[in-house]
Amino acid sequence: MRLAFICENGKTLDIGAALQLDPYVVRWLVADALFQCQQRISDTLDLIHVERAVRDALLAFQGGQDRYARSYVHTRTLDHRTQTTPRADLINLAFHHGGPLALVGIFYATSDAHRNPGSREVLDYIMNKASHESQLQLISRVSTFPCNPSVSDWLCRILDKLDASSQNLASMLRYLGTSRIPMVVFRRMWEHSLSWDENGEAIATSLPTNTIGSRAEFAAALRHLQHVGFVRVSGETIDLDSRISELLRARLEQTEWIAEAVRIMAHSFPKYRQLEPTRYGDIARRTITLLIWHSYVEHCERLQPLLESVFSHIDSLQLGTLVDQSCLMQLVDVCLSASYLCNKSWKITAISVAARALKEARESPYSAVLEARIHIRKSSLIYLYEETTSTVEHITFPVNDHRSKAFSADLAMLKAQGCVHLNALASAMEYLAGFNPSWNGVVSSFGAAQEKKVAFMRARILRFEGRFQEAYELVRSLPSTGNKTVSLLGILLCELHRCDEGIELLNDQVTRMTRAGRVKRVRIALGYAYLIKSMQNSIRGLPLDWRSLHMARKVFQELSAPHAVTTYYDKMDHLSLLFGLAIVDHMNGNVDSALAAWEMALGTSQEYLDTGYTDLVISYSISELEARRGATTKSTTLGDYARTLFVRTGRQHHFAGLGSLWLDLIGKWLIAHGREAIIPS
């Protein structure tokens, strides 16, 4: 929460802009606010007076002349006259709750209280009049107050008293982002970094140099920084005081430390999901696979802010002068891995750093492979954000060993994805069939892992073609139990008239996953599982399955909260929800609500997609609703339009149930109205 001012024209200004516009009006508004606070909190004006005294103490502080506060930071002792007074407890509270800057402000604002009336008033208010909450809030605010420039040198002298490992760690924390730095980055620093070698097998490498030291030295350094109040540790998170970090900026920011930060992140950041080790013991394979996925994604998400912080410091630096070639190669792998996280801006940043790192690395046989991988990732982002026509046809992949052979699968899948976007499913299958995981007759571990990714994509395309049994058999042969696999498997079970199995599988996945954001597409699949079950019952002539429709609506409505739609997959999710809600209203017989829902789906479909199958489905659905209302002419016009589109598109299965069931159900209802089923079963 912060103070803002609303002008007569309705424009909102922060206090700085408002002061520039009309400082006198701002002063009176602030005065009014203060007196209102005084009515609510009786010591408000006293607190303002005390805060002013603390601010003055910080501005007047001469770090070079201080003999007491710095000694307290290191030893926690005061002179014998102060040690036995209540002021000692206040100084202790200030340091432990607010850190070194709060210590300085409170210490000197209350010094010589026996001779200085101003200091005595401040001490009396804090110790005897202020509530404990007011004490803590005042202490917390002190570190945000302006300081005398000598504070920086004072903090440097505190840091210089610590051992080298502690000083090194402080510099490293500065480059890793200052706040909320997860301990896992340091644990991974001491562990092996896993990647694929030229034989397509896992290779473990150690960090060549480590200026922070061993685990024991790190723990000791962290304790020393905690002792002097520079950092706080909460569970698995380290926080370097952001104000202290800025005041020590000139001391902490040196080229050698940004180089070390780059090396640590290049080593510690997860590079390949398949290589992330599991430490969960001997448990069921299904659960192990799920936990490996969680470990990889969660580690990536926790370390991404650190990587972003490091990137912010290397904009003007030549990476080739900071680290050696092997580190640059690792950094490219890291950037490619990190480019799957966060928003578009971050993805582009990660890819651009990868390109910089590769450009500054000396030529090696692996450079050409990395260059091709960067081009592939750039093209995949073009597909993802639907910006321009991708130049994927011009990408070639150099294959000269097991590793490059396995990576070539990414190009095959990218080309196949481009075909899927155009509904050229046969061409997509041809690209996937062109990938052979073996090199010189041998399939490496990496080749086998890539073959499974290709097989999963083949299963998706088989589903899009309506070949549900083939898709089911293929996806069942894959070991993964990630969300994508489970979502596909659940929908395939439903399309194969095994809805109860599909619903159970999808419900189980949603229950096991703890982070709702990661199961959105599983939940969409679950909503369609209920919907498909209801459709199948209606086609069989059974009574309307109210419960399944209710469950489907509940899922779709819960997922329909406004959110950013930025990628191709976001658009497909959005359309899936709109179609689902329209079908629920349609099946429930809510004609007006269903018409409104289909019209909304139509507008969105026209915004996201070229005219095609979705327009066919919507027009055919509205045609049936108009027939129910007796609007024969309008129904016929829409039906004729749907027939024209069907000649061009045929049946498509990109959206669950819309190709296999919904058109047949519409036809059945039209026949019941004495009309013709336009789309053949």
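**Helix α9.** I started with α9, residues 132–142, where S134, Q135, L138, I139 and V142 come out buried (buried is under 20% relative accessible area, exposed over 50%, partly exposed in between, with a 1.4 Å probe and protein chains only). Helices are DSSP runs of H or I with at least four residues, strands are E runs of at least two, and both are numbered from the N terminus. Looking down the axis of α9, I get an arc of 130° for the buried residues, so they line one face of the helix; the arc is taken over the directions from the helix axis to the C-beta atoms. An α-helix has 3.6 residues a turn, so residues three or four places apart point the same way. I then checked what the buried residues of α9 pack against: α3 (44–60), α6 (86–98), α7 (100–109) and α8 (117–129), with contact meaning heavy atoms within 4.5 Å.

**Ground rules.** I'm working on a predicted model, where local features need pLDDT of at least 70 and side-chain atom pairs count only at pLDDT 80 or more, while totals for chains, interfaces and linings use all residues. Residues are numbered from 1 along each chain as its sequence is written, and side-chain values use heavy atoms, with hydrogens and water left out.

**α3 on α7.** How do the axes of α3 and α7 cross? They come within 8 Å and cross at roughly 105° (axes are lines fitted to C-alpha atoms, for helices over the stretch in contact, and angles run from 0 to 180 degrees between N-to-C directions). That makes α3 roughly perpendicular to α7, a label covering 65 to 115 degrees; under 35 is roughly parallel, over 145 roughly antiparallel, and the rest oblique. From α3, I find A53, V54, A57 and L58 meeting L101, V104, G105, I106, Y108 and A109 of α7.

**Helix α20.** Next I looked up α20, residues 344–360: its 17 residues reach 25 Å from first C-alpha to last, close to the expected 24 Å (1.5 Å times one less than the number of residues). Its buried residues are W346, K347, A350, I351, V353, A354, A357 and L358. They fall within an arc of 160° down the axis of α20, so they line one face of the helix. On the other side of α20, S345 and K359 are exposed.

**S195.** This residue sits in strand β4 (193–196) and is buried, at 14% relative accessible area. Leaving out residues up to four places away in sequence, S195 touches E201, A202, I203, Y272 and L275.

**Whole chain.** I count 34 helices and 9 strands in the protein chain, and 52% of its 681 residues are buried.
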